[in-house]
Structure formats: structure tokens, C-alpha cells
Amino acid sequence: MNIQELKVEKLSVKDYEQLMEAMRAAYPDWQGGFWSLTAISKLIHRFGEGQIVIKADGVVVGCALSIIVDFDRFEEAHTYQEVTGNYTFNTHTVKGDVLYGIEVFIHPDYRGLRLGRRLYDARKELCELMNLRAIVFGGRIPLYHEFSATLSPREYIRKVKSKEIYDPVLSFQLSNDFHVMKILKGYMPNDVESEEIGVLLEWDNIYYSARKKQSYTPTSNVRLGLVQWQMRLYGDVQGLFDNIEFFVDAVSGYKCDFALFPELFNGPLLAQFNHMNEADAMRALAQFTPEIKDRFVQLAIKYNVNIITGSMPSIVNGRLYNIGYLCHRNGRVEQYEKIHVTPDEHSYWGMNGGKRVRTYDTDAGRIGILVCYDVEFPELSRLLAQERMQILFVPFLTDTQNAYMRVRHCAQARAIENECYVAIAGSVGNLPKVENLDIQYAQSAVFTPCDFAFPSNGVKSEATPNTEMVLISDLDLGLLHELHAHGSVRNLKDRREDVYQLSYVSDAGTTSEAFE
């Protein structure tokens, strides 16, 4: 190919048509959409320096688009949609520390001329010039679909690294001094060739000079309000609502970011179904769940507090589940479900276990929620820790002290092994006229890792046993970041993933889709 002039320069709006022609040629089998003129114009307006093209004799034959992000907001587990702000690019910030690549391609007629390397060199030069810590992006693995039947993503990447397999994208990126940070499942939904898997890659700027800033931002301080709920009989459901609002009001008065209620706190309403057997009574109790949920949603907004609603029975497709809701103070609602049911819950109530475990992003940190018995299974909290969970909330219901101790000791272990805070809240009191919920034992508490920055016994605060009250506790999420990097021991970093791994079952269904 006879090229007279090659030029790397900033993208301009007038280049749009040529850009689209090159992009369509570069992605002939792409099933998603292409960049609109509005999107390109917005990128240029927000961060013109980061939008780079390479021209051959005045014609656009490749590009590299990028934004600056505060990478701590996303950490390692994120999607393309999240990092681009749902393609609005409102995640771009001049105060960020990472140059995040959102697009790079070369027209197929111009491949093999090392033009991609020129674009990457331009990106690296920009990163150094702007004193950014690194270049990060989610790379495609477009040949993975040819090997997915026999190789896991991890094995595929290993073979690409050892040059047993040549991947036109990943091989190129590795040769340009990028290293693999993490596999991102579901990173780009329309990327059929990569089977929606992205490979998070990073290039470190060795000339980066850290900017002076406060150790922890004000938002790293979070206040919890744990409701140690008294089981008492109510004349009607309105009495239950009045008591709920009393506690939400109290927690809000102390400017808490979260309010945590116990598992099956609405159990006193079972009294009106005492003429039924245990299983039918619990199914009858489920009729109140939609209304209780709606009340919690209103209270979260009214009192400006994120509410974890404990748990309640719910019937889906004829099956009984134990579920709860995370009611954000901005009105958004997300659901969680109890995965493991105890032998008695199954035999007396006919309760079924759910299938979905995940983290939740809130305005006060990334949290996980496990209901009572679930905290006794360390695999669940470790999966959440792998998603960078900061606080684990555990609503529980225990009848005796030994049952409570199982929950407590397991919760403390989860805080240590996953380097996170764990908050547990249960119910107290007696219900002599309610079958199967007649006695309760609880001591709500907040647990921490055991290191120098935390209480030596790993207990941040705890309620008076078997007494109705609210436990208020302040947490510093910034201490967790310090622990992850510089702790006396580093349970997350020191995992031997070359020996063992933990992952979700890929074909596990999700009960929650039926609820929402």
C-alpha cells in the first residue's frame, strides 16, 4: 500500500463520516449500534484531547477514544455501560486519575502497518502529560467464541499470553505493555464474538506523581442504625406500620445512612392465622408483603435513609420464598432473597431457597445482604467480597442463645476473612399466641476486621441482649482501603487462585426476576 502521509491528530466533528466508514469496516459482524454524531460531539466537547484519530493521506483509518475517570468509583468490577455513564460520558472528570479507553480500532485495509501502536503511543503520551496514574480499558477477546466450548476465559487468556493462541485484540494489547487485571463478565452485552466477556487491562504510568489529597473523603464515613425489634402483638397491620415508622424516624433523627430491620419482623401478624397449620399461616402472612414494601419505599424517601427491610414471606409461582428489599432513599428499590433455608423452615413452613446473590451500589458504599442462615455459608460472602463489598448486612431471627451464637460467630468470621464490616440485627421478646415464633433471642452488633485500625476484638458496637433498642454505629470505609493494601495480613490479596477458585454456577436461575 502506497501511503504518502500518516498523521495522528485530535478528532473533530467534521471527521464523523470518515470515522463511521472506518468503524463499520472494522466491525463487519457487530450486532450493536455505532457511535452517533451526538455522542462523538459530546466526547469532543467534554475531552477533546482524549479523542485521537490516525489519518492516511487525509482519510480517517483508525481512532482511539477515551475519558478520564475516578477509578475508585468503579474499582475492578464494572460494565462498559457503567463506566461510560450509560453512554452519556458524565463519568468523565478532570479530577480523575485514570485514562479509560472506550474505543480503539483500525480499518482492516490498513492493519499490519503498526498504526494501532501509534494510537497507543499517543494515549501513553497523553497519560504522562496529564499526570494520570494509568490507562485502563475493557478489551475484547473476539476469537474466544471459537474456543469457549473447551476453554474457560482464564485458560484462553493464559494460552494467549503464552502465544499458544493468537487473539488479534488481546495479543496486540499484551505486546503494548498492558497487563490483565480481571475478567469482566457481561462487560459489553452486544459483543457476541467475545461472549460478552471483557478483559480489564492496565498500563501503568511510571512517571505518575501522586497528587496531594486527604486520606479519606467525607463520604467514607457511614452511619448505621440497627433496629433490635420487639416482637409484640398488633391489633391490625396499621399497628405494625406505626412501629416501623417510629424506628425509621428515630434512625433518621440520628442522620443514619442505613436502617436495618430483622428477618421476619412482621411475624406477629401470624397471630390472626393461628387456626391454620404453620405452612398455610406463613403463606397467608405473605399477603401483607407488597403493602409493607410500598410503605418502606415511602419511608426511605420521607426520612432520607436507605432501608434494608429485613425479610418477609412471598409467594412466586406457587412457591414460598423468604425475601427482602433494599429501599434506597432516592426511591429506587432492589430485592434480595434468602438462599439457604433451615430444616425447620422447610419442614414447618414449606419455605424454598432463592438463587440470586449480588452486591448493591448505594450512595453510602457497596453493600451485600445475607439473610440469617446464609451468613453461615462462607462461600456467599466471599463471592460478594470478590465484587468489592464494603458492608455486609445480616437480618436474622433466632430463638435460642446457641442459635444466635452460630449467626454471631459466623458473622465475625465473615468480617475478618472478607475485610469488610458486618452488621447483624435481630428480634427480641416473646409471642405466646403465635405458633413457631414464640420466643426470640438477639444481640444486634457491628463487626470489623481485626487489625490495628479496628477494635482488637473485632466488635465495633453491640446492643444490650434481648432488649428493644436502636444501635447506632459509625464506620469509616476508608479504613478498609488501607487494610486491603497495607493490612498485617491480606486475606483477599493473598488468596491462592492458582490452587482454588470460587465462582457462581453459570446456569443458576434467578428467583428475583419473578418478583420484580
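Helix α4 (residues 115–129) lies across β1, β2 (52–56), β3, β4, β5 (134–139) and β7 (197–204), and runs at about 165 degrees to β4. Helices (H or I, at least four residues) and strands (E, at least two) are DSSP runs, numbered from the N terminus. Angles run from 0 to 180 degrees between N-to-C directions, with axes as lines fitted to C-alpha atoms, for helices over the stretch in contact; contact means heavy atoms within 4.5 Å.

The model is predicted: local features need pLDDT of at least 70 and side-chain atom pairs pLDDT 80 or more, while totals for chains, interfaces and linings use all residues. Residues are numbered from 1 along each chain as its sequence is written, and side-chain values use heavy atoms, without hydrogens and water.

**Exercise 1.** Determine the strand order of the open sheet and its edge strands.

*Solution.* Step 1: two strands pair if DSSP finds at least two bridges between them. Step 2: the seven strands follow the order β1-β2-β3-β4-β5-β7-β6, and the pairing is mixed. Step 3: β1 (6–10) and β6 (179–185) each pair on one side only, which makes them the edge strands. Step 4: on average, neighbouring strands of this sheet are turned by 25 degrees against each other, direction ignored.

**Exercise 2.** Describe the pairing of β3 with β4 and the packing of helix α2 on the sheet.

*Solution.* Step 1: strands β3 (residues 59–69) and β4 (residues 98–106) run antiparallel and are joined by eight bridges. Step 2: C63 stands opposite F105 in β4. Step 3: helix α2 (residues 37–47) packs on the sheet and touches β3 and β4, its direction making about 55 degrees with that of β3.

**Exercise 3.** Locate K163 and N466, and classify each as buried, partly exposed or exposed.

*Solution.* Step 1: buried means under 20% relative accessible area, exposed over 50%, and partly exposed in between (1.4 Å probe, protein chains only). Step 2: K163 lies in the loop between α5 (153–161) and α6 (170–175); although not a glycine, K163 has a positive phi of about 65 degrees. Step 3: K163 counts as exposed because its relative accessibility is 74%. Step 4: N466 is in the loop between β21 (459–462) and β22 (469–476), with a positive phi near 55 degrees in a residue other than glycine. Step 5: N466 has a relative accessible area of 37%, so N466 is partly exposed.
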